[in-house]
Amino acid sequence: MSTTFATALLAVSAWAGGDSSDGHTHAEPTPLVLAPLETATPRLSSQTDQFELVGVLHGNVLTLYLDQFASNAPVAKAQIELESGSWKATATEVSPAVYTVTADLLAQPGKHPLAISVQADDAADLMDATLEVTQPG
């Protein structure tokens, strides 16, 4: 929890509860329940000295975000090839530095180790990552 958010919660709790200096009794504050920030959306990440890659699986579509590791600058017009066992695919750039690939195999529950090759201008690198997909609950 961020310090600012925690401070705000303390201020609200102090303001809302107990007797005040004006003699009025205030109701006890209702506890605030926050939803967890974690998500069940399968994700992957990988980095080398040249590139950083983050992937998010929505249904059977894997969306990849590629940037330069040192500067965090987006990498557009790259060629990204993925392989997991006998499955192979090439991602398509849908907007600058954002790539997608349809991946029915990766949508199945389990751990999917991936070999990812990236070619951008005169830079090339081989990356690895594991995408873990859990059973829908």
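**Close-up views of a predicted model**

View 1. Where does Lys 77 lie? Its place is the loop between β5 and β6. The backbone here deserves a glance too: phi of Lys 77 is near 60 degrees, which is a positive value in a residue other than glycine.

**View 2. Asn 72, in the loop between β5 and β6.** Here we stay with the loop that joins β5 (61-68) to β6 (79-84), where Asn 72 is found. What is phi of Asn 72 near? The angle comes out near 65 degrees, again positive in a residue that is not glycine. Lys 77, from the previous view, lies in the loop between β5 and β6 as well.

**View 3. The elements along the chain.** How many helices and strands does the protein have? There are one helix and 11 strands.

View 4. Of the contacts with a separation of 6 or more, 41% are between residues 24 or more positions apart. Buried residues make up 29% of the 137 residues. As for the surface, the protein exposes about 9100 Å², and 55% of that area is supplied by carbon and sulfur atoms.

Notes: Residues are numbered from 1 along each chain as its sequence is written. This is a predicted model: local features need pLDDT of at least 70, side-chain atom pairs count only at pLDDT 80 or more; totals for chains, interfaces and linings use all residues. Side-chain values use heavy atoms; hydrogens and water are left out. Helices (H or I, at least four residues) and strands (E, at least two) are DSSP runs, numbered from the N terminus. Buried means under 20% relative accessible area, exposed over 50%, partly exposed in between (1.4 Å probe, protein chains only). Contact means heavy atoms within 4.5 Å. Accessible areas come from the Shrake-Rupley method with a 1.4 Å probe; for residues, only the protein chains shown count as cover.
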